[in-house]
Amino acid sequence: MKINNIGYNHKHDADFFVLRPEGSGDNLLLLLKTPAVFVIDGKEQRTEKNSFIMFGEGTPQNYRSDGGEFANDWFHFSYSEEEKSLFEALEIPFDKVVEIGDPSILSLLIKNMSFENYSSNLYKTDSIELYLKLFFIKLSEKLHSEGEIKISSCYDKMSMLRAKIYSMPQNDWNIDGLAHELTMSRSHFEHTYKKIFGVSPMNEVINSRLEHAKFMLSTTDIPINLIAEICGYKSDIHFMRQFKSRLGVTPSAYRAEMQKQNRAYIVKRQKKGK
């Protein structure tokens with residue numbers, strides 16, 4: 001899969017409309033942040049905010065503002081015949097407006113894809129492809145996990161807190177502070193978090209720090225003691241012990257192996273380009 005064009009948190013005036021009788025020549029996903037009006041199969045329908053629609057290639061695109069500001073995230077994308085099975089497996093409908101509740105996680109993924117798309121990052125193509133697959137997996141979860149969501153009325157807030165943990169591993173996270181963010185008791189927060197995500201909150205914090213450390217070790221030459229600090233460790237010795245305990249190798253050994261793999265990957269891509 002690949003992104004052809006993308007926009008995050010785009011806003012338009014009340015007279016905004018799109019009319020493409022033959023479609024856009026590729027697939028288009030809209031994540032709506034305001035109400036809108038769509039014409040589908042000749043029938044006009046008003047949709048609420050926090051909805052999405054995925055237009056297939058060749059499907060007419062006819063939609064407009066509902067009389068006020070029009071705001072959305074969107075991306076045009078293409079996929080191969082082999083990748084078509086992903087949408088079938090995830091049971092994501094085409095050409096149908098569907099309400100999905102809080103879209104924050106999905107919007108965050110679009111934001112990340114947009115950043116990668118307009119960056120000069122070495123592996124941006126690979127990153128975008130991974131983000132796309134993750135986006136559709138998370139979208140499918142939103143569509144089909146209603147029963148699981150009922151485990152907790154604050155599922156979306158929990159998900160946003162989880163995203164916050166992973167995006168800010170340097171924070172001095174603790175159970176009392178995390179529970180306070182959701183105005184929950186310590187015990188209720190721990191129980192609910194583990195029931196939803198299958199891992200304790202503090203193990204999640206450790207996972208987020210180690211994932212960030214792995215990324216920095218494999219993509220930068222920053223000294224290990226500084227990486228430990230960036231990832232929220234007060235002691236580089238504690239960081240190195242925890243890293244080896246969880247991953248089975250030291251940070252320096254992990255960095256050496258990843259650098260070796262990166263060099264091999266670059267050589268492989270260069271040979272393909274010849």
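Colleague: What makes you say that helix 3 lies across strands, and which strands are they?

Modeller: Helix 3 lies across strand 1, strand 3, strand 6 (51-55), strand 8 and strand 9, and runs at about 120° to strand 8. In this predicted model, local features need pLDDT of at least 70, side-chain atom pairs count only at pLDDT 80 or more, and totals for chains, interfaces and linings use all residues. Residues are numbered from 1 along each chain as its sequence is written, and side-chain values use heavy atoms, with hydrogens and water left out. Helices (H or I, at least four residues) and strands (E, at least two) are DSSP runs numbered from the N terminus. Angles run from 0 to 180 degrees between N-to-C directions, with axes fitted as lines to C-alpha atoms, for helices over the stretch in contact. Helix 2 lies across strand 1, strand 3 (27-32) and strand 8, at about 120° to strand 1.

Colleague: Why are strand 1 and strand 9 called edge strands?

Modeller: The open sheet has 5 strands in the order 1-8-3-6-9, with antiparallel pairing. Strand 1 (2-12) and strand 9 (98-99) each have a single partner strand, so one side of each lacks a neighbour in the sheet. Two strands count as paired if DSSP finds at least two bridges between them. Strand 1 and strand 8 (residues 70-78) share 8 bridges, and therefore meet that rule. Within this pair, H10 stands opposite N72 in strand 8.

Colleague: What makes strand 2 and strand 5 the edges of the other sheet?

Modeller: That open sheet holds 4 strands, antiparallel, in the order 2-7-4-5. Strand 2 (17-20) and strand 5 (43-47) each have a single partner, so one side of each is left without a neighbour. The twist averages 20° from one strand to the next. Strand 2 is joined to strand 7 (residues 61-65) by 4 bridges, and R20 stands opposite Q61 in strand 7.

Colleague: Why are helix 8 and helix 10 given the name they have for their crossing?

Modeller: Their axes come within 11 Å and cross at roughly 95°. Angles under 35 degrees count as roughly parallel, over 145 as roughly antiparallel, 65 to 115 as roughly perpendicular, and the rest as oblique. Helix 8 and helix 10 are therefore roughly perpendicular.

Colleague: How do you know which residues make the contact between helix 8 and helix 10?

Modeller: Contact means heavy atoms within 4.5 Å. On the side of helix 8 the residues are N203, I206, N207, L210, A213, K214 and L217, and they meet F239, Q242, F243, R246 and L247 in helix 10. The residues of this contact divide into 7 nonpolar, 3 polar and 2 charged. Ala, Val, Leu, Ile, Met, Phe, Trp, Tyr, Cys and Pro count as nonpolar, Asp, Glu, Lys and Arg as charged, and the others, Gly among them, as polar.
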